[in-house]
Amino acid sequence: MRHETLLIQRDVSRWRERCRPVLAVDFHGPGGSEDRGAYAFLPDPDKFPDVHKASLAWTAAMVQELTPKYAADEFDRVVRYLSRWETPSFTKYFSETFGIPGISIETPYGLAGETVLTREEYREIGARMARAVAGRLR
């Protein structure tokens, strides 16, 4: 198991004793070849239909905040390839263990369409994501 995944699992297990989580979000950079904008990996609808449906409500709010300037045209994605990791992914772990959306947000390293992603642009993406989540919690 990847070290950071093990730590997240331990921390969240302790956190769960005190809270009722409704969403888990993980941020990644998909690599230099991705340039269409930020996108999200959601739980598999065939394995977790209710959690997938709940995820779509969260990602709809995210896309609305990100706008086409930062969001990829195909924002909602499901991993359909074999992984080299035999342990659960972030999305699968939260779906199985908590029954809540575990959404992995992928933000490209350099470009979102025609927008060059500077430090300020990444901060803007983060602020917009925070507004999307906060707006759904109200």
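# A tour from phenylalanine 27

Select phenylalanine 27 first: leaving aside residues up to four places away in sequence, it touches Ile105 and Met129, where contact means heavy atoms within 4.5 Å. The model is predicted, so local features need pLDDT of at least 70 and side-chain atom pairs count only at pLDDT 80 or more, while totals for chains, interfaces and linings use all residues. Residues are numbered from 1 along each chain as its sequence is written, and side-chain values use heavy atoms, with hydrogens and water left out.

Stay on phenylalanine 27. This residue lies in strand β1, residues 24–28; helices (H or I, at least four residues) and strands (E, at least two) are DSSP runs numbered from the N terminus. With a relative accessible area of 48%, phenylalanine 27 is partly exposed, because buried means under 20%, exposed over 50% and partly exposed in between (1.4 Å probe, protein chains only).

Now select β1 together with its sheet. How many strands does the open sheet have, and in what order? There are four, in the order β1-β4-β2-β3, and their pairing is mixed; two strands pair if DSSP finds at least two bridges between them. The edges are held by β1 and β3 (71–78), each with a single partner strand, so one side of each has no neighbour in the sheet. From one strand to the next the twist averages 20°.

Next, colour β4, residues 102–106, which runs parallel to β1 and is joined to it by five bridges. Two residue pairs can be picked out here: alanine 24 stands opposite glycine 102 in β4, and histidine 28 stands opposite glutamate 106 in β4.

Is β4 enclosed or open to the outside? Five of its five residues are buried, so β4 is largely enclosed by the rest of the structure. Display its side chains: Gly102, Ser104 and Glu106 point one way, whereas Ile103 and Ile105 point the other way, and all are buried. In a regular strand the side chains alternate between the two faces of the sheet.

Then move to β2. This strand pairs with β4 in the antiparallel sense over three bridges; in β4, isoleucine 105 is the bridge partner of alanine 40. Isoleucine 105 is also a residue that phenylalanine 27 touches.

Bring helix α3, residues 90–97, into view. Helix α3 lies across β1, β2 (38–42) and β4, and runs at about 165° to β4. Axes here are lines fitted to C-alpha atoms, for helices over the stretch in contact, and angles run from 0 to 180 degrees between N-to-C directions.

**Aromatic pairs**

Show the aromatic rings. Rings of Phe, Tyr and Trp (its six-membered ring) pair if their centres lie within 6.5 Å; planes under 30 degrees apart count as stacked, over 60 as edge-to-face and the rest as tilted. By this rule there are five aromatic pairs. One of them joins tyrosine 39 and phenylalanine 41, edge-to-face, at 5.6 Å centre to centre with 90° between the planes. Tyrosine 39 counts as buried at 5% relative accessibility, and phenylalanine 41 counts as buried at 15%.

Tyrosine 93 and phenylalanine 98 form an edge-to-face pair too, 5.9 Å centre to centre and 80° between the planes. Tyrosine 93 is buried at 10% relative accessibility, as is phenylalanine 98 at 14%. Select Phe90, Tyr93, Phe94 and Phe98 together to see a cluster linked by ring pairs.

**A residue in helix α2**

Go to threonine 67, found in helix α2, residues 49–70. Most residues other than glycine have a negative phi. Threonine 67 is partly exposed, with a relative accessible area of 29%.

**The whole chain**

Finally, zoom out. The chain has four helices and six strands, which follow the pattern α-β-β-α-β-α-β-β-β-α along the sequence. Its C-alpha atoms fill a box of roughly 40 × 40 × 30 Å along the principal axes. Of the 138 residues, 38% count as buried. Among contacts in the chain with a separation of 6 or more, 80% come from residues 24 or more positions apart.
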